[in-house]
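Dear colleague,

Please find the structure below, handed over for your reference.

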Number of protein chains: 4
Amino acid sequence: MTDPVGSNVREALKAFVERVERLREEQKELANDVADVYREAKGGGFDVRALKTVIRLRTQDAAERREQEAVVETYMQALGMT
Amino acid sequence: MTDPVGSNVREALKAFVERVERLREEQKELANDVADVYREAKGGGFDVRALKTVIRLRTQDAAERREQEAVVETYMQALGMT
Amino acid sequence: MTDPVGSNVREALKAFVERVERLREEQKELANDVADVYREAKGGGFDVRALKTVIRLRTQDAAERREQEAVVETYMQALGMT
Amino acid sequence: MTDPVGSNVREALKAFVERVERLREEQKELANDVADVYREAKGGGFDVRALKTVIRLRTQDAAERREQEAVVETYMQALGMT
DNA sequence: TAGGGCTACTTCCATC
DNA sequence: GATGGAAGTAGCCCTA
């Protein structure tokens with residue numbers, strides 16, 4: 001056992017690395033799927049940027065979102081960004 | 001049909017949004033899984049930052065990686081970072 | 001001249017590195033300044049998140065921004081996010 | 001004073017926004033300067049990616065950097081990435 | 001109050 | 001050039 005990383009530890013290391021790599025692979029597949037959906041939506045005439053905005057807004061609580069938007073609106077009016 | 005978005009289009013919109021949201025949900029779960037693995041590894045005494053570095057390096061081609069490292073090493077020696 | 005990096009090249013390398021580091025330093029100072037402003041604004045009762053949103057929106061062309069917002073609004077209504 | 005944002009507050013708001021925008025402008029100029037340096041370096045035959053790596057490593061303490069690299073090396077050997 | 005995780009933000013990189 | 005993902009950083013909150 002002169003190895004700086006004993007075989008049990010080595011096995012644990014390999015296991016961690018492989019688990020992460022497997023998960024990364026699945027993440028990449030999902031990212032491709034998402035890109036496919038947007039490509040389809042674009043092909044169907046939708047504005048992808050607006051779609052992304054809507055989807056982002058949906059992740060926020062509705063009440064909180066309206067509150068944020070109200071504050072932003074107030075600031076914009078105060079700055080003459082009408 | 002005074003609606004600016006007709007019902008067929010509306011249905012298509014909902015379908016796209018829901019598909020993306022489902023995929024995003026799965027992505028989030030995978031991200032949590034990855035975080036869990038790193039947490040476990042940390043608990044097992046591994047250096048998470050080094051782990052991430054190793055996993056990143058594994059995605060590179062071995063020959064290319066060694067080439068990069070050689071150049072970096074050369075520059076570091078030239079700068080006295082020995 | 002057995003050095004893999006000749007002295008002229010070495011000097012050029014050092015010069016590039018130092019120029020970048022100087023610029024990075026200035027960037028960091030500016031980032032601190034920005035953080036200070038937001039801290040002040042927060043202390044003055046402003047909503048920092050909304051402030052950031054407003055400042056981001058100001059970088060967009062006003063007409064384009066309104067166009068985007070109109071599309072987003074249309075999608076949100078179609079999805080019942082009223 | 002029926003304005004939701006009183007004039008003093010409005011002035012404060014404008015001041016904050018303008019300060020941030022000015023700082024952002026300076027940051028952008030610095031980013032351009034950095035890009036210029038790398039462009040020059042590339043023109044002089046340097047490997048920009050390796051340069052960036054070296055500059056990043058220089059921000060770390062030398063001892064800490066060597067420690068990190070040793071751990072990474074150990075993990076790589078344990079994984080057979082020799 | 002110093003640390004330590006957590007979240008959000010920003011920057012960077014790799015990919016198309 | 002644009003996009004998405006990852007890494008690093010900073011600020012926040014809580015705990016000890």
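**Salt bridges, symmetry and surface charge**

A salt bridge is formed between the side chains of A:Glu40 and B:Arg19, with an N to O distance of 2.9 Å. This pair joins two chains, because A:Glu40 belongs to helix α1 of chain A and B:Arg19 to helix α1 (residues 7-43) of chain B. A:Glu40 is partly exposed, its relative accessible area being 43%, and B:Arg19 is likewise counted as partly exposed, at 35% relative accessibility. Please bear in mind that the model is a predicted one.

Over all chains, a search of the whole structure finds 20 salt bridges. One of them links A:Arg39 to A:Asp36, with the closest N and O atoms 3.2 Å apart. These two residues are 3 residues apart in helix α1 (residues 7-43) of chain A, so about one helical turn separates A:Arg39 from A:Asp36. A:Arg39 is exposed, with a relative accessible area of 55%, whereas A:Asp36 counts as partly exposed at 36%.

In chain D, a salt bridge is found between D:Asp36 and D:Arg39, where the closest N and O atoms are 3.2 Å apart. D:Asp36 is partly exposed, with a relative accessible area of 37%, while D:Arg39 is exposed, at 54%.

The arrangement of the chains may be described next. Chain A can be laid on chain B by a turn of 179° and a shift of 0.2 Å along the axis, with an RMSD of 0.7 Å.

Finally, which residues gather in a patch of negative charge on the surface? They are A:Glu69, A:Glu73, C:Glu69 and C:Glu73. Two elements give two or more residues to this negative patch, namely α3 (62-78) of chain A and α3 (62-78) of chain C. C:Glu69, found in helix α3 of chain C, is partly exposed, with a relative accessible area of 38%.

With kind regards

How values were computed
Residues are numbered from 1 along each chain as its sequence is written. Chains are lettered from A and ligands numbered from 1 in the order in which they are written. This is a predicted model: local features need pLDDT of at least 70, side-chain atom pairs count only at pLDDT 80 or more; totals for chains, interfaces and linings use all residues. Side-chain values use heavy atoms; hydrogens and water are left out. Patches are made of residues with over 30% relative accessible area and no salt bridge: like charges are joined within 9 Å, nonpolar side chains (Val, Leu, Ile, Met, Phe, Trp, Tyr) within 5 Å. Accessible areas come from the Shrake-Rupley method with a 1.4 Å probe; for residues, only the protein chains shown count as cover. A salt bridge is a side-chain nitrogen of Lys or Arg within 4 Å of a carboxyl oxygen of Asp or Glu. Lys and Arg count as positive and Asp and Glu as negative; His and the chain ends are not counted. The place of a charge is taken as NZ of Lys, CZ of Arg, CG of Asp or CD of Glu. Helices (H or I, at least four residues) and strands (E, at least two) are DSSP runs, numbered from the N terminus. Buried means under 20% relative accessible area, exposed over 50%, partly exposed in between (1.4 Å probe, protein chains only). Copies are superposed by least squares on the C-alpha atoms of residues with pLDDT of at least 70 in both.
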